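Visitor: I'd like to learn how to read a protein model. Could you take me through one, feature by feature?

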Amino acid sequence: MTVRDLLTSEKFSAISLPDESREIRNVYIGDLLSWVMGRAKADDAWITIMSNVNILAVASLADTSCIILAEGVTVDETIKATAMDKEINILTTNMNIYETAIYLNGLL
Amino acid sequence: MKELSLNILDITENSVKAGATLTEINITETDDDLVLTIMDNGCGMTPEILETVTNPFTTTRTTRKVGMGIPLLKMAAELTGGEVVITSKHIAEFPNDHGTVVKATFSKKHIDFTPLGDVVSTITTLIQGHPETDFLYIHRINNNEIVFDTREIKETLEGVPINTYEVIKWIEEYLREQYLQIFS
C-alpha cells in the first residue's frame, strides 16, 4: 500500500505530500521522539500526536513513509514548508491512535 | 528521552566533543523548578552556528555535528512551560575565555515534566568514557547539595587512572551514598 492509497479513504487528509508513491510496509506508534528515533523502521507509517518540528527530523532519520497525526492534530505553516522541503509526507486523521492502528491493520 | 539524565549525557557529550577540559553539570532544584546548567570550556560556537543548534535540520544526517540533543532538551523543557537558553563564546573570537553554556529550565509541577532519573549512572558513564577530561558535578535541592569534582579525585588517585573499574565502582557507590544521606 502506498501513501496515495491511504488518502483514497476519507479518514485521512494530506498536510504535506511531497512523495505520495512511498510504500507503507509497517506501522510504528510513539510520541517520545528519542524513543521513536531508534525504533521506527524505514517504510513505516508512524502514528503520533506530537506536532513540533522535531517530528520531521525523526521521520527523516528513520526514513518512515509518512507521519500520521492522530486525533485531528495539525501543524503550523513553517513545519508544513519544512516537511515539503525535506520531502516528508504528513497526513492527519480524526481517529485516535488506536482506531488509526486498527484501520491500517485492515489495509496492510 | 524518558529521563532528564539521558539528556544530560547527550549534551555533555557535545562538550567533550568540543574539546572541553572541564565541564560543569549543575542541577539546582526548588520545590517548583529544576534548572539544569551545563557549562564547558570547549571551543564554543560561532554566532551563526549558535543560531541554528535548536533546529534539528542544522546539518544533514551524515555530517550531523550536534545531533538531536539540543532540540530534544528544548522540547522537554518547553513541554513543562520552561525554556532552553544557550550562550557560547567561540575560540576564534575569545581565545582565552571560550566555551558554551546550556541552561534548561523546567517546571517540576507540570504534568509533562520528565523525571531526572538515574543521574548517578550518567555521571559515572561520563567519567568512565572520558577519563582525560574533568567534570564538576553539583546537585542542589533547596538548601542541600552534592558536589563531586573529578580534579579532586584525580589528585587523590596519584596517577591511578580514574576509569579503573574499582575507582568507577567506588565513585558510583559514593554518589549513591551521598544521595541517600543528603536528599532523603
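**Reading the model**

Guide: Let's begin inside: in the largest nonpolar core, which has 60 residues, the ones that touch the most other members are A:A45, A:W46, A:C66, A:I67, A:I68, A:I90 and B:L73. A nonpolar core here is a set of buried Ala, Val, Leu, Ile, Met, Phe, Trp, Tyr and Cys residues joined through C-beta atoms within 7 Å. Buried is used for a residue with 20 or more other C-beta atoms within 10 Å of its own, exposed for 12 or fewer, and partly exposed for anything in between, with C-beta atoms placed from the backbone. The element that gives the most to this core is helix α3 (residues 69-79) of chain B, with 6 residues.

Visitor: Before we go on, how should I read those labels, and where does the model come from?

Guide: This is a predicted model, where local features need pLDDT of at least 70 and side-chain atom pairs count only at pLDDT 80 or more, while totals for chains, interfaces and linings use all residues. Residues are numbered from 1 along each chain as its sequence is written, and chains are lettered from A and ligands numbered from 1 in the order in which they are written.

Visitor: Which residues does B:L73 touch?

Guide: Contact means that two C-beta atoms, placed from the backbone, lie within 7 Å. Setting aside residues up to four places away in sequence, B:L73 touches B:N7, B:I11, B:V84 and B:A104.

Visitor: Why does B:L6 count as buried?

Guide: Count its neighbours: B:L6 has 20 C-beta neighbours inside 10 Å, so it counts as buried. B:L6 sits in helix α1 of chain B. Beyond its neighbours within four places in sequence, B:L6 is in contact with B:M1 and B:G117.

Visitor: How do I read a sheet?

Guide: Look for paired strands, meaning that DSSP finds at least two bridges between them. Chain A has an open sheet of 5 strands with mixed pairing, in the order β1-β5-β4-β3-β2. β1 (12-16) and β2 (26-29) of chain A stand at the edges with a single partner strand each, so one side of each has no neighbour in the sheet. β2(A) pairs with strand β3 (residues 44-48) of chain A in the parallel sense, over 4 bridges. There, A:Y28 has A:W46 in β3(A) as its bridge partner.

Visitor: What is the strand order in the sheet of chain B?

Guide: That open sheet of 6 strands runs β3-β4-β2-β1-β5-β6, with mixed pairing. On average its neighbouring strands are turned by 10 degrees against each other, direction ignored. For such angles, axes are lines fitted to C-alpha atoms, for helices over the stretch in contact, and angles run from 0 to 180 degrees between N-to-C directions. α6(B) packs on this sheet, touching β5 and β6 of chain B, and its direction makes about 165 degrees with that of β6(B). Strand β1 (residues 22-29) and strand β2 (residues 33-40) of chain B pair in the antiparallel sense over 7 bridges, and B:I27 stands opposite B:L36 in β2(B).

Visitor: How many helices and strands does chain B have?

Guide: Chain B has 6 helices and 6 strands. Reading from the N terminus, you get α-β-β-α-α-β-β-α-β-β-α-α. Buried residues make up 35% of its 184 residues.

Visitor: How do the two chains meet?

Guide: For an interface, list the residues on each side: 10 residues of chain A are in contact with 9 residues of chain B. On chain A's side, α2 (33-39) and α3 (54-62) are the elements that give two or more residues.

Visitor: One last thing: where do A:D63 and B:N142 lie?

Guide: A:D63 lies in the loop between α3 and β4 (66-69) of chain A, and has a positive phi of about 60 degrees although it is not a glycine. With 14 C-beta neighbours inside 10 Å, A:D63 counts as partly exposed. B:N142 is in the loop between β5 and β6 of chain B, with a positive phi near 50 degrees, and is not a glycine either. With 10 C-beta neighbours inside 10 Å, B:N142 counts as exposed.
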